[in-house]
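Have a look at the structure first, then read on.

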4 protein chains.
Amino acid sequence: MLFFRNDYSNGAHPAILEALCRTNAELTVGYGVDGYCQKATELIRQLCATPQAEVHYIVGGTQANKTALGAFLRPWEAVITADSGHIQVHEAGAIEHNGHRLYPLPVQNGKLTAEQVHALCQLYTQDETAAAPKLVYISNTTELGTVYTRAELQALRQVCDTWDLYLYCDGARLGCALAVSDATLEDYGALCDAFTIGGTKNGLLFGEALVITNPALMPSFRRCMKQQGAMLAKGRLLGVQYCAALEDGLYLQLAQQAIDSANQLSSGLKRLQIPMLIDSPSNQLFPILPNAVIQQLQEAVSFECWSTVDDEHSCIRFVTAWHTTQEEIDELLALLSQLLS
Amino acid sequence: MLFFRNDYSNGAHPAILEALCRTNAELTVGYGVDGYCQKATELIRQLCATPQAEVHYIVGGTQANKTALGAFLRPWEAVITADSGHIQVHEAGAIEHNGHRLYPLPVQNGKLTAEQVHALCQLYTQDETAAAPKLVYISNTTELGTVYTRAELQALRQVCDTWDLYLYCDGARLGCALAVSDATLEDYGALCDAFTIGGTKNGLLFGEALVITNPALMPSFRRCMKQQGAMLAKGRLLGVQYCAALEDGLYLQLAQQAIDSANQLSSGLKRLQIPMLIDSPSNQLFPILPNAVIQQLQEAVSFECWSTVDDEHSCIRFVTAWHTTQEEIDELLALLSQLLS
Amino acid sequence: MLFFRNDYSNGAHPAILEALCRTNAELTVGYGVDGYCQKATELIRQLCATPQAEVHYIVGGTQANKTALGAFLRPWEAVITADSGHIQVHEAGAIEHNGHRLYPLPVQNGKLTAEQVHALCQLYTQDETAAAPKLVYISNTTELGTVYTRAELQALRQVCDTWDLYLYCDGARLGCALAVSDATLEDYGALCDAFTIGGTKNGLLFGEALVITNPALMPSFRRCMKQQGAMLAKGRLLGVQYCAALEDGLYLQLAQQAIDSANQLSSGLKRLQIPMLIDSPSNQLFPILPNAVIQQLQEAVSFECWSTVDDEHSCIRFVTAWHTTQEEIDELLALLSQLLS
Amino acid sequence: MLFFRNDYSNGAHPAILEALCRTNAELTVGYGVDGYCQKATELIRQLCATPQAEVHYIVGGTQANKTALGAFLRPWEAVITADSGHIQVHEAGAIEHNGHRLYPLPVQNGKLTAEQVHALCQLYTQDETAAAPKLVYISNTTELGTVYTRAELQALRQVCDTWDLYLYCDGARLGCALAVSDATLEDYGALCDAFTIGGTKNGLLFGEALVITNPALMPSFRRCMKQQGAMLAKGRLLGVQYCAALEDGLYLQLAQQAIDSANQLSSGLKRLQIPMLIDSPSNQLFPILPNAVIQQLQEAVSFECWSTVDDEHSCIRFVTAWHTTQEEIDELLALLSQLLS
């Protein structure tokens with residue numbers, strides 16, 4: 001069966017796995033203070049041009065978001081997010097479980113604008129009976145495959161400065177964002193108070209590197225991780241993987257492979273004149289198809305049904321990954337061509 | 001200065017205050033297990049035709065909502081509310097502070113419909129990555145002065161049964177709702193899993209009586225109150241007031257007085273051809289006035305500015321209470337007439 | 001029946017009640033920003049010699065502790081308390097409900113020592129797998145009727161400075177502490193980061209004044225109160241009472257009356273050669289009596305059974321209050337004399 | 001350097017690693033509903049003789065405890081634990097972060113007794129101002145290397161039935177407990193409401209299998225995992241490892257290897273007449289040594305300093321693991337012999 005369901009169903013890229021196997025028998029201290037984690041942290045600091053940043057390694061994405069936002073915010077402080085944001089849509093109330101209100105703002109393309117943040121702050125910052133807006137959460141790439149430009153990130157930074165907010169970027173798919181946008185890791189280091197460099201969806205077995213650049217958010221973070229159950233006993237497993245991914249540019253290379261596959265697929269869909277829900281430049285594509293076609297497609301392809309468009313059409317999601325092959329794309333397009341004719 | 005700002009700025013109705021003074025020197029057990037609380041509970045059980053109901057007395061409205069919803073819900077369970085609901089708009093994230101997601105639904109008139117609840121449950125009940133809808137929160141009268149009819153409450157009960165949800169009514173202004181709707185206390189007793197009979201905004205010095213009719217929600221509630229800081233040491237103060245309010249029909253009578261005043265004021269506003277934001281049958285009225293008029297009005301009248309309508313007009317709120325006098329209404333209408341001419 | 005059960009079963013002192021009745025019909029803004037609260041705050045600032053202090057008025061003691069500690073601490077920060085402390089023993093896990101660990105330390109007389117605090121901090125401050133000690137909670141008078149001297153408070157302040165801890169004093173019975181110790185309100189203002197001046201147990205209908213002297217703990221406190229359900233709608237009720245209590249020295253006078261009664265009762269118990277659990281100088285006394293005597297006593301006197309001493313003896317608690325009369329004390333002592341002979 | 005610091009510093013046992021490598025390129029559904037997790041669950045159900053049990057796979061131990069206890073308890077319910085329990089000593093307040101009080105009971109040997117539980121319940125179950133005891137937490141083996149016998153577990157079950165408590169066993173080192181005690185996996189299945197079968201400390205790369213046998217604790221558990229950030233995206237990584245560990249008895253075999261090494265080391269320490277803090281039958285040993293010897297030992301051996309015994313002696317901890325070799329033990333004993341002579 002062809003697999004276009006998501007980018008986290010494979011294990012690890014062979015080079016990552018090899019690094020884990022190679023170091024398997026070593027005996028190191030636990031909890032992320034080993035040499036591999038230190039080396040990975042140095043690599044990240046260099047790549048982000050943030051020599052003072054703290055980097056913490058966390059197994060999963062929800063865990064990273066929950067731990068970071070729980071550490072950064074006071075009980076009465078709230079998070080501004082796109083209404084399609086992962087913390088709003090797919091984390092079962094993880095942030096509220098920490099006690100915090102989310103302020104979801106309506107977006108069409110997954111991207112929050114500085115204007116929206118500004119308007120919300122005007123409404124609630126002075127209102128003592130409202131939870132206080134304090135952190136802007138964005139994901140990049142977004143849940144709709146769209147990507148923030150450097151200018152957009154700068155505008156968000158500016159509105160955060162105006163209203164004394166933190167800017168946090170959930171980089172579960174940061175690799176793809178880096179591959180298709182003008183914003184570099186240095187930009188994230190300069191513009192965000194904290195952000196993650198996601199591993200799970202870009203070739204690692206698991207792992208999110210949380211980069212904290214704002215010194216005010218650093219104290220006691222390890223204690224917070226421990227309390228949240230987010231500190232891996234064999235912490236070096238994360239360090240080893242990030243070293244392998246970042247040392248020779250593998251991380252960006254894998255993201256580029258996923259993007260290349262997505263571009264090919266996207267061109268093919270265009271040739272078949274299949275309408276798209278949204279113009280996504282990254283590794284998630286959202287074609288709209290007749291329900292009958294979707295039903296037939298499910299017999300040979302694994303993918304996710306996204307949303308209902310009208311009585312006879314639905315939107316589905318195709319995701320490419322570093323391991324997607326030319327053959328898989330050709331086969332999928334051929335099948336679609338056949339089903340649509 | 002004329003006072004139409006809210007219905008909780010006076011102290012207590014003289015009869016309530018007299019009861020507090022009369023019993024002041026008594027020495028009773030604390031924490032709400034005294035004879036006055038017991039007697040008030042019997043009165044409420046009779047009025048609601050719920051002989052098995054538990055009744056708890058809590059000082060404030062946010063405290064009552066926070067304690068009740070915190071006791072009723074499991075961590076991953078969420079609350080469905082109108083986007084104008086008090087817990088969504090005026091409690092600074094109190095419910096999230098307990099760890100629970102709110103699902104605010106857009107309403108024009110403050111009232112949630114069974115259809116909206118149904119649609120939301122279809123979306124999230126089976127989705128393990130979403131917080132689970134479990135409780136429908138309504139306020140009656142609503143924050144916009146509108147009122148649920150018995151039929152509307154029955155429809156909500158039905159959708160709650162379909163989806164295994166609790167129905168909770170915040171009755172901070174239940175007196176006014178009872179005065180203008182066909183739904184009786186017996187209806188609330190039959191249709192809600194729990195509801196409050198608000199005292200603070202209807203002549204008591206303070207106090208909300210929380211009526212729990214669903215036996216599944218009763219165990220350990222007092223412990224939960226203690227943990228939430230919601231158990232008044234001198235609990236009898238609440239029992240004494242509810243006895244005084246409910247024994248001779250004072251509670252409904254005071255609500256009727258507020259409604260009568262509101263009706264007079266409403267008629268007067270109509271005669272002056274002042275447009276209203278919403279057609280509210282209860283003691284909150286929402287006239288739309290030119291900004292210049294509003295500014296002048298503020299010199300002689302205390303009221304709340306509600307929302308911006310256009311560049312030159314805003315909506316304000318007038319609230320009547322049991323103590324509003326004919327003279328005050330006449331004076332307000334005369335002043336408006338003069339300012340508008 | 002003679003009443004020595006506690007000091008919060010009466011209503012309010014007549015002068016307090018009179019003030020509430022006198023101002024009952026006034027219409028003031030809500031939520032504690034009215035003129036009475038402002039005036040009470042000025043009085044408290046003067047009495048404590050803390051012109052910059054913030055004062056907040058909260059209905060109940062558990063609510064005050066829960067709101068304050070919840071606002072002051074980060075999730076991973078913990079509270080050091082005597083194992084007899086109110087938050088450890090009588091608040092149903094209210095502080096843990098906010099997410100915080102308590103570190104209860106064993107005490108015989110209700111009083112924490114600076115040495116104990118020091119030893120605990122040595123153990124846990126550097127240990128990332130432990131909750132971080134951050135706040136020392138004391139109650140004065142303690143739950144065992146003992147009282148901290150100024151020197152003891154200074155020693156606690158010093159150890160708090162050493163370890164960067166907050167010092168918080170639960171003053172539910174601060175009146176009695178002031179009446180029998182050398183520490184003045186000015187001392188509390190100078191030594192504590194925050195403390196309460198309790199009203200409920202010293203003649204008010206209800207109310208605790210929370211004094212915050214540490215500027216770092218002030219921001220957003222009102223929002224936190226709102227979120228915790230700890231902001232009284234008719235906030236002036238608290239301001240009016242504190243004005244009445246503090247303007248002419250009534251607060252200290254009532255505490256002195258309770259102490260005078262306790263001293264008389266204590267002398268009488270000594271004359272009867274009744275052993276005491278602890279040498280308490282304040283309004284809680286802990287006589288040890290044969291169980292048979294206790295049983296007979298219960299027929300005529302309301303009091304609390306405190307603890308089992310041996311198979312044939314138990315400790316009970318007598319509490320005096322501002323309204324305890326000479327006759328009541330004489331009657332109690334006569335009855336005890338008779339039962340013991 | 002010789003390594004006796006802990007049992008979670010190696011990677012995975014080669015057979016576990018091989019299974020991960022072999023399945024690495026497979027594409028399976030995520031979040032623990034894949035075929036490997038299903039197969040591991042069937043194996044565990046058979047081994048525990050609990051065909052209806054739910055099994056969930058969680059990456060880390062603190063995460064497993066936090067998620068389980070957070071799901072099982074209501075806000076006002078508390079946990080009874082030995083004062084040496086992992087949740088009390090090494091999780092930075094993780095359980096309190098969920099809102100729950102811990103009741104730590106003093107133990108000398110790491111083991112809670114049914115009598116202690118009984119006494120605590122007598123004290124607090126009826127006291128509305130206390131957090132309600134609801135769950136007994138034990139770890140087996142304990143943090144001091146001791147082990148509960150079947151009879152002791154049965155006694156705990158009985159006291160839990162008497163007081164309506166849950167019995168939860170933290171099995172981070174359950175392998176070693178199974179290897180040295182008469183209690184079998186079937187006993188855990190029959191006696192505990194829930195327990196974990198720890199992988200991290202017994203040859204897995206990471207992972208704890210949480211077995212829930214009480215149907216009342218099953219509903220919505222996956223949602224709770226998601227909310228706590230405890231659901232691994234590539235969930236099959238856990239299933240694959242548990243399959244490899246349980247299919248051919250590897251799990252018990254690795255524990256037996258650690259125990260065999262510990263027994264040899266223990267005999268050697270006895271021969272050297274080194275006193276022990278506690279008589280531990282499992283893979284953690286607690287010798288007491290002169291401080292001077294400890295200092296010299298640290299140059300050649302990695303171990304943990306446990307506690308101060310007197311001015312000149314301290315207790316240290318040696319931990320053996322499945323990978324500890326005869327040579328390492330011999331070398332350690334030779335070194336100790338030399339240092340002590």
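**Cavities**

- The lining of the largest cavity divides into eight nonpolar, 21 polar and four charged residues, where Ala, Val, Leu, Ile, Met, Phe, Trp, Tyr, Cys and Pro count as nonpolar, Asp, Glu, Lys and Arg as charged, and the others, Gly among them, as polar.
- A cavity is a set of points, on a 1 Å grid over the protein atoms alone, where a 1.4 Å probe fits but cannot get out, and lining residues have an atom within 4 Å of a point.
- This is a predicted model, in which local features need pLDDT of at least 70, side-chain atom pairs count only at pLDDT 80 or more, and totals for chains, interfaces and linings use all residues. Residues are numbered from 1 along each chain as its sequence is written, chains are lettered from A in the order in which they are written, and side-chain values use heavy atoms, leaving out hydrogens and water.
- The largest cavity has a volume of about 550 Å³, a volume being the space filled by probe spheres set on the points, which are joined across faces, edges and corners.
- Among its 33 lining residues, A:H97, B:H97, C:H97, D:H97 and D:N98 lie nearest the centre.

**A sheet in chain D**

- Strands β5 (residues 132–139) and β6 (residues 166–170) of chain D pair (at least two DSSP bridges) in the parallel sense over five bridges.
- D:S139 has D:D170 in β6(D) as its bridge partner.

Terms used
On a 1 Å grid over the protein atoms alone, a cavity is a set of points where a 1.4 Å probe fits but cannot get out, and a pocket is an open set with protein on both sides within 12 Å along at least five of seven lines; lining residues have an atom within 4 Å of a point. Helices (H or I, at least four residues) and strands (E, at least two) are DSSP runs, numbered from the N terminus.
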